Amino acid sequence: MADIDIPPHLIELERAAWAEQQAGALTVATADAVQAAYREHAAATKGLSRLDLEMATKRRVRHVEGPSAG
């Protein structure tokens, strides 16, 4: 998969959702907000798959690998 430019606001939304999930407190509002942001960014970026964007963002947020990640 090619490198995907992930906007900072998507990273922050995914971090918030991941933190809520880890605490067992993910809300529908948080999940809806992050999914809407994925859809909007993918639609605004011609040729970018929403799924690819979501997977790349989750990989960056959830699987930090060293000081250069994130």
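How many salt bridges does a search of the whole structure find? I worked from a predicted model, and the search returned four.

**Entry 1, helix 1.** I looked up Glu 12 and found its side chain in a salt bridge with that of Arg 15, at 3.0 Å from N to O. Both residues lie in helix 1, three residues apart, about one turn of the helix. I recorded Glu 12 as partly exposed because its relative accessibility is 47%; Arg 15, at 36%, is also partly exposed.

I then turned to Glu 14, which forms a salt bridge with Arg 62, with 3.2 Å between the closest N and O atoms. This pair links distant parts of the chain, as Glu 14 is in helix 1 and Arg 62 in helix 3, 48 residues apart. Glu 14 counts as buried because its relative accessibility is 1%, under the 20% cut-off. Arg 62 is partly exposed at 27%.

Glu 54 is buried at 10% relative accessibility, whereas Arg 50 is partly exposed at 31%.

I listed 13 residues in the largest nonpolar core; Ile 4, Ile 6, Leu 10, Tyr 38 and Leu 53 touch the most other members. Helix 1, helix 2 (28-44) and helix 3 (50-62) each give two or more residues to this core, and helix 2 supplies the largest share, four residues. Among the residues that Ile 6 touches are Leu 53 and Arg 60.

Note on methods: Residues are numbered from 1 along each chain as its sequence is written. This is a predicted model: local features need pLDDT of at least 70, side-chain atom pairs count only at pLDDT 80 or more; totals for chains, interfaces and linings use all residues. Side-chain values use heavy atoms; hydrogens and water are left out. A nonpolar core is a set of buried Ala, Val, Leu, Ile, Met, Phe, Trp, Tyr and Cys residues joined through side-chain atoms within 4.5 Å. Buried means under 20% relative accessible area, exposed over 50%, partly exposed in between (1.4 Å probe, protein chains only). Contact means heavy atoms within 4.5 Å. Lists of a residue's contacts leave out its neighbours within four places in sequence.
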